[in-house]
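This report looks at one helix and its surroundings. The sequence and model come first.

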Amino acid sequence: MKLKPIRSEADYNAALKAIERYFDRPPRRGSSEADTFDVLATLIEAYERKRWPIGLPRPLDAIRYRMEVAGYTQADLAGLLGSRSRASEVLSGKRSLTLPMIRRVAAAWSIPVDALVGPLDQEAA
């Protein structure tokens, strides 16, 4: 396959077909086939990122996901936010996170601050 930018679904499918052969038999490191594999993977990733972007989760979804994955409870969140009622209000969507809350949750639960702030256009949602 001649390497070129992926601009269409047909180009994307051709790139997938071209890279598929390396899955069963990975190229030798440092070979020209390894270079081809790396370039194809980069092109495919760039096309997928542009074609099917995945945005940040809503802050509440980020907190709920982290709670589920790590086994945290509402009581654990209350410990970070200062009270059970505040944790309940946040989890029900009645209260937005303040900057100090965001900092505490991000630091304690390793959630990226960006995910807890959320994009501005989500305010209306």
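Helices here are DSSP runs of H or I with at least four residues, numbered from the N terminus. The model is predicted. By that numbering, α4 is followed by glycine 82, whose phi is positive, near 105 degrees.

**The buried side of α4**

Helix α4 spans residues 74–81, and its buried residues are Leu77, Ala78, Leu80 and Leu81. Around the axis they cover an arc of only 160 degrees, so they sit on the same side of α4. What covers these buried residues includes the following helices.

| Helix | Residues |
|---|---|
| α3 | 59–70 |
| α5 | 84–92 |
| α6 | 99–109 |

**Packing of α4 on α6**

How do the axes of α4 and α6 cross? They come within 9 Å and cross at roughly 125 degrees. The crossing is right-handed.

From α4, the residues in contact are Asp76, Leu77, Leu80 and Leu81. They meet Met101, Arg104, Val105, Ala108 and Trp109 in α6. The residues of this contact divide into 7 nonpolar, no polar and 2 charged. Leu77, Leu80 and Leu81 are buried residues of α4 and also take part in the contact with α6.

**Serine 85**

Serine 85 lies in helix α5. Is serine 85 buried or partly exposed? Serine 85 counts as partly exposed, because its relative accessibility is 47%.

Notes. Residues are numbered from 1 along each chain as its sequence is written. This is a predicted model: local features need pLDDT of at least 70, side-chain atom pairs count only at pLDDT 80 or more; totals for chains, interfaces and linings use all residues. Side-chain values use heavy atoms; hydrogens and water are left out. Buried means under 20% relative accessible area, exposed over 50%, partly exposed in between (1.4 Å probe, protein chains only). Helices (H or I, at least four residues) and strands (E, at least two) are DSSP runs, numbered from the N terminus. The arc is that of the directions from the helix axis to the C-beta atoms. Contact means heavy atoms within 4.5 Å. Axes are lines fitted to C-alpha atoms, for helices over the stretch in contact, and angles run from 0 to 180 degrees between N-to-C directions. A crossing is left-handed if the near helix is turned anticlockwise from the far one by less than a right angle, and right-handed if clockwise. Ala, Val, Leu, Ile, Met, Phe, Trp, Tyr, Cys and Pro count as nonpolar, Asp, Glu, Lys and Arg as charged, and the others, Gly among them, as polar.
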